[in-house]
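Please examine the sequence and the three-dimensional model shown below.

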Amino acid sequence: MIRNKKKYNIIIFAIILIGMIAFIPSLSSNIINVNNDSKIDDTLIDNEINTKIPTLSKYISTYNDSGGAFNVTLHQSLVNTTKVRIINTSNTDNITFYEKCPTDTNFNTSLINITIEDIYAPNKSFIVEDGNPGGWPNLYDNRYASHFVVASTCWLQNVSVRVWNEAGTNGNLEIQIYNSTWDGENSRSKPNKAYGPNIRVDTIDDINGWWNFTYLHKFLNVSETENNTFFIVLDDDTDNTYWGQVLDTPDPDGSWVFQEIGLNNWFIFTSGPQTVDLGLKFSVAPINSTPNPEDIGMEINNSAVTGYGNVNGSGYWSTTEVLSTTSANLEFNITAEWWDVSCNITEVQINYTKSNILANSFFNTSGNGDDIFWNVTVDDPIDDFKTDLGNYSINFTISSNWTSIQVFNGSKKISSTKWDRGDGWQLVQALGATNGTSWGLNASSTNFISSIGMFVEGVPKNTVNSSDIVRFNSTFLEKINATISEVNLTVYSPSQDFMNYTYINDTSPLTKFINLSDWDVSDNVTAYGIFRIRVFWNNDTTVGFYKENLTIVGNTHLSITYPEQDIDWFSDEYFNITIFYNDTELNTGISSAEIEYNFGAGFKSTNLFDYGNGYYNITIYNWQVRDYSFGLTNIQINTNKTYYVNQTKNYSYYLYNVTTQSIDQDTLGVIRATNATFTVHYMWNDSTPISGADLELISIDPNFISSWKDNGDGRYDLILNTSNVVGKGSNSYEITFNISSLYNETQVYNVYLFVYNRTELIVSYPEQNIDWLSDEYFNITIFYNDTDNEAGISGADIKYNFGAGNQSTNLFDYGNGYYNITIYNWQVRDYGFGLKNIQIYANKIYFENQTNSYTYYLYNATIQLIDQDTLGVIRRTNATFTAHFMCNESSTISGAAL
C-alpha cells in the first residue's frame, strides 16, 4: 500500500533522529520478495538467469552456489541547527544557503530533511495602468474587462479605477470579477463567466480621478480559472461614466482589455489599430499571513515544501534524491510563488550514504529438510568514512527470513542491531563501524522445498516408461512471489551419472505448488535404470533443495516377424517363429533377453536362438504340439529383461491332420440337361475315411446346378445338373472344389465334364408305311439336327440295319445334317417280306446319339403264266383255267389267295 505522504515524512524524520536509513514500503512479510530494488543495484549485477542455467556435470548430492549480491551501505550523517534567515524569497540575492558535503561523489545523500519556521507572507499591491488617459470609453450600458494575474489562491482586497463622471449625474458604478478561459486561436486568456455575484455598486458623482473599491475581501481560487488569470469588469447602468484608457504604444505591458458586444461575447478592445490599457490598480492578501508552505507555493530546489497539517507558518522539506558535489558544499535555494516571503531555516539533517558497495553471498545445504547456511562478505576494503562527519555504521540489507545472524570483521564478532523493514527485508547494522577489511555476516535460512512430485497422466509414480511424459512439480513451504526466479529440475542418468535433462521454469507468483515441466522421457534417455532427480531454486535470498529417485524402464514392443499369424501348419511339419524384442524409444533391438514360450505343455526355453539386435528364433515341432491341441493353436511368448517393460505376445496358427484324396473318375461326359456325378474319397493319410466333411466349390460355371452327397464312408458325390449350361463340344468344363473338415487338411479336387448337345434324327423321305417291291430300290433321306443350336450335324457316323446287321454302305452326306441311304429291296427280301423296319443310327462325338426307323411294306415281285387264257365248255360243265403264280425268278408261290 502507498502510505500518506505526510505520515511518510514524519516516519523518515523519526528514523533520522535515531540514525537509521529510509526504507520503502513493499509487500507483506509473509511473501518472499525476489524483485526488490532496495536490495540490489541493477546496474551492478549480471544476468542471474543465465549464470544459473546448469550445464552437463556429474551428480552432486549437495547444493552449493552463490546467492545474491547484497547491498551494503556506509552511513555517516550531518545535523546542523544553526538558524538561517531568508528575508525575501523574491530577492534572488537572498534565497541560497549551503551545507557541508563529502567530496567523494559516491558518498552521497540518501535522505535530506530541512525544517522551515516563521514563514511570513505580506499583502501585495499592483499597478496595471496609472498613466494619463488618452481616451474615455463610456461605461453606460457598456461592459469592459481588464485582466490581472495572481500568484496563488488569495484574497482580492482593494481595486482602484481611473474614471470620469460629470457633476449631478449620480452614476452607479458596478464592479464584477470574471474568471478566464483560454483563447487558443489568439493565444491569450479572455473572460469566461462571472466569478460569483457583483461585489460592489458605488454611487459616484463629479469625479475625474481614481475611485477606490476598498475592503472587497473577494476570494480568488486559482483552481477555478485558467492560468491564474481573472478579469475586473466595470459598467454603469444609470448614467455616463467613463473609464480612462492609455494606448499600449510605446509601452505595452501585456495586459488585455475586452469589451462585451452582445451577451457574454467578449472582443479585444482597441483604439483604432492600437490596443489599450484601462486605468487600474489592485492589492491582494495571502490566505494566511503565516501560511502553510503549500498555500504560497514554497519550494526548495524546485521541489515543494510540506506543511505540518494545521500548524501555520512552518513546514519541512524532505528528499531521497541523490545529491553529491566535489565542492564540499551542497547548495539549496528557497523560493515561493507568493511575493516577498520571509522564513527561517532552523534545522538541516542529512544522511550521507555510500551505496555502491556489494557483498557477495554463498550458501550450502546437504539435502532434504536441511537448513541453508549463508556467508555474506564484502570483498573490498572499506576506507570511505570521513572524519569530519559522524555516526558511522555499516548496514547490510538481507532477507527477513534469515536467522542466527552474526556480523564479523575478520575473525572478530561485531555487535549489531537489526530491524525488519516489513517488506521482506531486514537491515543488519554493524555498530561502531570503522574503515577496514573482511566485513561480513553469517546466517541460516529454512530449506524452502518440501517435496518433489512425479506424475504420469495425473497418477503419482516412481517408476515410469521411456515413452511416458512425466510431470514434475515441487512443493514449497510458503507461497513465493517469484516473477524472476526460477526452479531448476535436473535429471541424472544412472549409467555414467551425468545430467541428461534439465529444465528451468519461471515459477508462478504467490503459490506453494510449482509445476516444473512435462518431460517427454523419450527426448533424452539413452539408457535405463534408477535416475537421480535434483530440484533446486534460489532467488538470491531463499533456497530450496530436494533430491529424489526415479526409475525409468525402456518401453518395448514384441513383434512376431515370421511367420504370419493364423496360417495353417500340419502335424508332420515343424516351423520357426522369429520374434523381435524392440526398444521403441531408441528404436534398437534388445539382445540377451529371457525368452520363454508355452503351447500347452508349460513354459519352455529350449529350441531357442538369439540372433542379436533383438531378434530371436523359436523352433516349433508340430508332432509335439499335436498332443495338446489341434485346430486353432495358441503359443504364448514372454520376453523379459531388467529395466525394460516385459512383453507377452501370442502366435496363433491352425494345426491340421494330414489328409489324402482319391477320385473314382475325374472326367465325365453327359448329355446336356442330365446329371453328372463325380465320386471322390476324403481320408487321412492312413486311409481312414473322414465323414462329415464340407464341400466348397472353388471354380465352376455358375450355370451348373450343384448338390452333393455325403455317403458316410469318406465318399462324397458332387452332383451337377447340366440343364442350364451349353454343350461345349470338345471343350470340357473344369470344376475345382475342396473338401475340408475341422482340424483336417483340406483337399482340393479338379474334375472335367464334357456336356454333349442334344440332338434329333428325322426321316424326311419317303413317307412311312408305303409299299416297295423286292425288285425295287429307294432312298431314305435323314436330318441329324443339333437341337440346342438348331443346326444340322454333318460328318456324323450313320449306320442302318434292315436285318443283316449295321450297314454303313450306300450312304451319301449332303452336308448341313442331311444324309441319303439307298435301300436295295432285293437285299432286304432275304430277310423277310411284308412290314419292314429299318433301324437308323446317328452318332458323332460330343453330340447326343440318335436312333430312328423307317417302316415300309416289302412285296415280292411276281410273274404269271396261264396254260390257256381261252376255253370253250358246255354249259353246265366246269371250265378250268390253269394259271401259274411265281416269283420273278420262277419260284412258285403256293398258298396264294385266288
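A residue is called buried when its relative accessible area is under 20%, exposed when it is over 50%, and partly exposed in between. The model to which this scale is applied here is a predicted one. Arg758, at 31% relative accessibility, therefore counts as partly exposed. Glu848 has a relative accessible area of 11% and is therefore buried. These two residues form a salt bridge, with their closest N and O atoms 3.9 Å apart. Arg758 lies in the loop between β60 (744–756) and β61 (759–765), whereas Glu848 lies in the loop between β68 (834–843) and β69 (850–859), so the pair links parts of the chain that are 90 residues apart.

Side chains of opposite charge can pair when their charged atoms come close. The side chain of Asp235 meets that of Arg143 in a salt bridge, at 4.0 Å from N to O. Because Asp235 belongs to strand β14 (residues 229–236) and Arg143 to the loop between β6 (124–129) and β7 (144–149), this contact ties together parts that are 92 residues apart in sequence. Both Asp235 and Arg143 are buried.

Arg143 also forms a salt bridge with Glu260, and here the closest N and O atoms are 2.6 Å apart. Glu260 sits in strand β17 (residues 257–260) and Arg143 in the loop between β6 and β7, 117 residues apart, and the pair thus links distant parts of the chain. Glu260, like Arg143, is buried. Through shared partners, salt bridges join Arg143, Asp235 and Glu260 into one network.

What forms a nonpolar patch on the surface? The patch consists of Leu773, Leu835, Tyr857 and Tyr859, which together have about 360 Å² of accessible area. Of these residues, Leu773 lies in strand β62 (residues 770–773). With 35% relative accessibility, Leu773 counts as partly exposed.

The cysteines come next. How many disulfides are counted? The count comes to 0 disulfides. In the case of Cys343, the closest cysteine sulfur is that of Cys154, and the two sulfur atoms are 20 Å apart, which is too far for a bond. Cys343 counts as buried, because its relative accessibility is 0%. Cys101 is likewise assigned as buried, at 4% relative accessibility.

Strands of a sheet pair through backbone hydrogen bonds, either parallel or antiparallel. Strand β32 (residues 416–420) and strand β33 (residues 425–430) pair in the antiparallel sense over 5 bridges. Asp420 has Gln426 in β33 as its bridge partner. The hairpin of β32 and β33 has 4 residues between the strands, and in this hairpin Gly422 takes a positive phi near 80°.

A further antiparallel arrangement is an open sheet of 3 strands in the order β16-β20-β19. At its edges stand β16 (245–247) and β19 (270–271), each with a single partner strand, so one side of each is left without a neighbour in the sheet. Strand β19 and strand β20 (residues 274–278) run antiparallel and are joined by 2 bridges. Ser271 stands opposite Gln274 in β20.

Technical notes
Residues are numbered from 1 along each chain as its sequence is written. This is a predicted model: local features need pLDDT of at least 70, side-chain atom pairs count only at pLDDT 80 or more; totals for chains, interfaces and linings use all residues. Side-chain values use heavy atoms; hydrogens and water are left out. Buried means under 20% relative accessible area, exposed over 50%, partly exposed in between (1.4 Å probe, protein chains only). Patches are made of residues with over 30% relative accessible area and no salt bridge: like charges are joined within 9 Å, nonpolar side chains (Val, Leu, Ile, Met, Phe, Trp, Tyr) within 5 Å. Accessible areas come from the Shrake-Rupley method with a 1.4 Å probe; for residues, only the protein chains shown count as cover. A disulfide is a pair of cysteine sulfur atoms within 2.5 Å. Two strands pair if DSSP finds at least two bridges between them.
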